[in-house]
Amino acid sequence: SPVLFPIVGTLKADTFYYGNQAYGLGRHGFAREMEFKASIQNDQSITFMLESTEETLIRYPFDFKLDIKYELSGNRLMVTYHVSNTGTVPMYFSIGGHPAFKVPLVAGNNYNDYYLEFNKLEKAGKWPISKDGLIEATPVELLNNTGRLPLTKELFENDALVFKGLSSNDVTLKTHKDEHGLSFDFTGFPYLGIWAAKNADFVCIEPWCGIADSVNTDQQLVNKEGIQQLQPGKNFERTWSVTMF
């Protein structure tokens, strides 16, 4: 379940511009490749911390502190991202999750027995991803006044399903075969990705505050779609959660 920070998705040519200087970042940023420190731990929760370094400043010119708290409460897992701007200038960033869930959840079921059900009816298209990992300019119709998305492995043949501005803030993975599933709350995340690797027995439900560059991007970080701006000394916090049943 890697964290996507300080960008979500792919930059055009793996490059952004800030202050007339070019910076290189690979897909989903560098946090998922780095070692966090366990800063707070008890029987119900653990918090991991990552701070900017001389190395990160070469690739991303902002001082930051990122805390990720994992907390168990009964059959619910809550994951909180807490971003602090420890620098002296406004910080521009994106952050998101990439949790994967085994499908089928119960032995004896098949992948195609499962579906995703949003908590509100949706009229939303998916935003296609180009061969370079960028968001195309026009969505393709997918959810047409429905809240249900049947799972098939063919669904992800052309990369992730990317949604913008859904009415829902919760999606449930379930099946008619038994009573077990999970509910995923993504309140406060304006973008959602749903993805699985080719022929893989899992599905990723990905809450994002940020999105890959569009094919029409000017590559200026301050103009990037979905970018978050955080003033010096200020904090940003979002929580997603999953409840098993």
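Guide: What follows covers the pockets and then the cavity.

The model is predicted, so to speak, by the record's own terms: local features need pLDDT of at least 70, side-chain atom pairs count only at pLDDT 80 or more, and totals for chains, interfaces and linings use all residues. Residues are numbered from 1 along each chain as its sequence is written, and side-chain values use heavy atoms, with hydrogens and water left out.

The largest pocket has a volume of about 240 Å³. A pocket is an open set of points on a 1 Å grid over the protein atoms alone, with protein on both sides within 12 Å along at least five of seven lines; lining residues have an atom within 4 Å of a point. Volume is the space filled by probe spheres set on the points, which are joined across faces, edges and corners. Of its 18 lining residues, Arg-27, His-28, Asp-159, Ala-160 and Glu-206 are the closest to the centre. The lining has nine nonpolar, five polar and four charged residues (nonpolar: Ala, Val, Leu, Ile, Met, Phe, Trp, Tyr, Cys and Pro; charged: Asp, Glu, Lys and Arg; polar: the others, Gly among them).

Asp-159 also lines the second largest pocket, whose volume is about 150 Å³. Other residues there include Lys-153, Phe-156, Trp-195 and Asn-199. That lining divides into four nonpolar, one polar and five charged residues.

One cavity of 30 Å³ or more is counted. A cavity is a set of points where a 1.4 Å probe fits but cannot get out. Among the residues lining the largest cavity are Leu-11, Phe-16, Asp-213 and Lys-224. By class, three are nonpolar, four polar and two charged across the whole lining.
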